[in-house]
Amino acid sequence: MNLRVAFYGGSFNPFTEGHRVCLCHAIAMYDKVIVGVGVNPDKEAFLTAEQCVRLIKASLADFVSMFKHRELIGKDFSITEQIAAERLIYCPECIDIITYSGLTIDAAIANEASVLVRGERLVGDHDAEMQLAHINRELCEIRGYELQTVTFPVSKADLTYVSSTAVKNLLKQGEYIAAKRYVSPSVHNFLCELMLKQGEYSSITSGKRTHCADLVKTYRKQKYHNFSHIAYMLNFLKIFKVMNPHKWFPKKEMQMAIFWHDVGCHEDVSAEMAKDVALKLNFGNYDLVKKLILATNHKEQIKDDKDNSFYLELIHDLDLLILGDVKNYGTYAWQVRLEYEENLVCYEEYVKGRITLLSSFLEKNRIYLTNYFYERFEVIARENMRKERDFWLSKKL
């Protein structure tokens with residue numbers, strides 16, 4: 001029996017959730033889907049073709065894992081996405097990811113595809129896609145090869161205006177939180193690593209990035225406490241400054257502490273590692289950096305340091321901002337679960353510990369210590385944590 005092979009070509013630089021939705025349609029409909037990452041040697045690309053291949057694989061792994069944990073995340077999947085996820089779980093050979101150069105139709109022909117897959121957003125793509133389909137028909141006719149073009153709409157409203165270019169522009173502006181909504185978590189972490197090493201981390205270390213090996217080693221392997229989390233905090237630090245222009249804080253020390261606060265197995269270890277790097281770099285007030293890192297252990301000693309209490313409260317709240325995030329809290333709960341799972345914490349122990357942690361936060365008079373974050377996120381954070389605690393309580397029972 002001849003397989004129905006579909007070819008989905010593009011630059012995927014980077015691979016977005018819009019691409020993933022389109023790919024799910026193809027996986028659900030065809031026996032085999034070949035994703036082709038096009039290489040154009042005359043065009044300077046944001047990512048290499050090899051990186052794009054790796055990120056597509058990572059994005060699909062995220063998709064399958066999120067599908068398995070959809071109840072915890074609170075995410076609804078379409079029928080098409082459910083079919084695609086099941087196929088990827090039980091028939092992983094239904095998809096191949098390759099690189100190619102030259103015309104997309106020639107790559108499709110070389111891989112014996114009978115269908116060329118295209119994605120079309122609801123706004124702005126139709127005319128261009130129609131023109132491309134017409135040209136492809138002409139080229140196939142010249143070659144004497146029948147290749148049908150099938151266009152799948154990216155109908156989700158929140159993905160209608162998203163493109164790889166838009167994601168790159170958001171990242172370049174330091175709007176990491178907005179970009180987080182349009183790529184998978186693993187893709188976001190990889191992109192944040194690239195941007196932070198070129199931007200914020202390079203800036204605070206005067207371009208001397210030779211001391212960031214520990215950062216990379218730790219944050220690449222962590223599911224939640226990673227570069228995405230660091231970028232999230234830095235993004236909101238900038239937003240805080242915009243919204244509170246008369247509030248002063250030691251920006252450089254704050255950034256250094258944010259980068260290093262999750263590197264060690266405990267805040268004390270992280271603080272010592274940061275201090276060591278700061279001394280090698282002849283960094284400014286490294287004692288303040290240490291205090292800031294220790295403030296992220298969320299103990300009650302912050303008020304005792306009257307000279308630095310506001311800065312300590314600020315980084316404390318930045319570290320907990322995800323708790324008050326309506327769109328990303330479910331993904332955070334899933335990532336934390338995976339992180340502990342990979343650290344070989346047994347399921348029963350994790351459930352017990354997670355319930356205890358969530359309850360301890362809910363018993364506090366205030367989760368957020370600064371008025372700005374308290375007024376914006378306190379109610380939302382409590383609702384998010386109650387829902388997650390109820391989820392784990394139902395599993396425990």
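Which residues do ring pairs link into a cluster?

1. Ring pairs join Phe236, Phe240, Trp248, Phe249, Phe310, Tyr311, Tyr368, Tyr372, Phe373 and Phe377 into a cluster. Rings of Phe, Tyr and Trp (its six-membered ring) are paired if their centres lie within 6.5 Å; planes under 30 degrees apart count as stacked, over 60 as edge-to-face and the rest as tilted.

2. On the basis of the comments: this is a predicted model, in which local features need pLDDT of at least 70 and side-chain atom pairs count only at pLDDT 80 or more, while totals for chains, interfaces and linings use all residues. Residues are numbered from 1 along each chain as its sequence is written, and side-chain values use heavy atoms, with hydrogens and water left out.

3. Over the whole structure, 24 aromatic pairs are found. Tyr8 and Phe12 form an edge-to-face pair, because their ring centres are 5.0 Å apart and their planes stand at 70 degrees. Tyr8 has 4% relative accessibility and therefore counts as buried; Phe12, with a relative accessible area of 3%, is buried as well. Here buried means under 20% relative accessible area, exposed over 50% and partly exposed in between (1.4 Å probe, protein chains only).

4. Phe12 also deserves attention for its backbone: its phi is near 50 degrees, a positive value in a residue other than glycine. Phe12 lies in the loop between β1 and α1. That loop, between β1 (5–10) and α1 (17–29), also holds Pro14, and a cis peptide bond with omega of about 10 degrees joins Asn13 and Pro14. Most residues other than glycine have a negative phi, and most peptide bonds are trans. Helices (H or I, at least four residues) and strands (E, at least two) are DSSP runs, numbered from the N terminus.

5. Glu112 is not a glycine, yet has a positive phi of about 60 degrees. Glu112 is found in the loop between α5 (104–110) and β4 (115–121). With 64% relative accessibility, Glu112 counts as exposed.

6. Two charged side chains sit over rings (NZ of Lys or CZ of Arg within 6 Å of the ring centre and within 35 degrees of the ring normal). The charged end of Arg337 is 4.8 Å from the centre of the Tyr350 ring, and that of Lys364 is 5.6 Å from the centre of the Phe361 ring.

7. The whole structure has 1 cavity of 30 Å³ or more. On a 1 Å grid over the protein atoms alone, a cavity is a set of points where a 1.4 Å probe fits but cannot get out, and a pocket is an open set with protein on both sides within 12 Å along at least five of seven lines; lining residues have an atom within 4 Å of a point. Grid points are joined across faces, edges and corners, and a volume is the space filled by probe spheres set on the points. The largest cavity holds about 50 Å³ of space. Its lining consists of Lys180, Tyr224, Asn226, Ser228, His229, Tyr232, Ile322 and Gln335, and helix α12 (residues 227–243) gives the most, with 3 residues.

8. The second largest pocket has a volume of about 1000 Å³. Of its 38 lining residues, His225, Asp262, Glu267, Tyr340 and Leu357 are the closest to its centre. Elements that give two or more residues to this lining are α14 (267–280), α17 (329–342) and α18 (347–362); α18 has the largest share, 9 residues.
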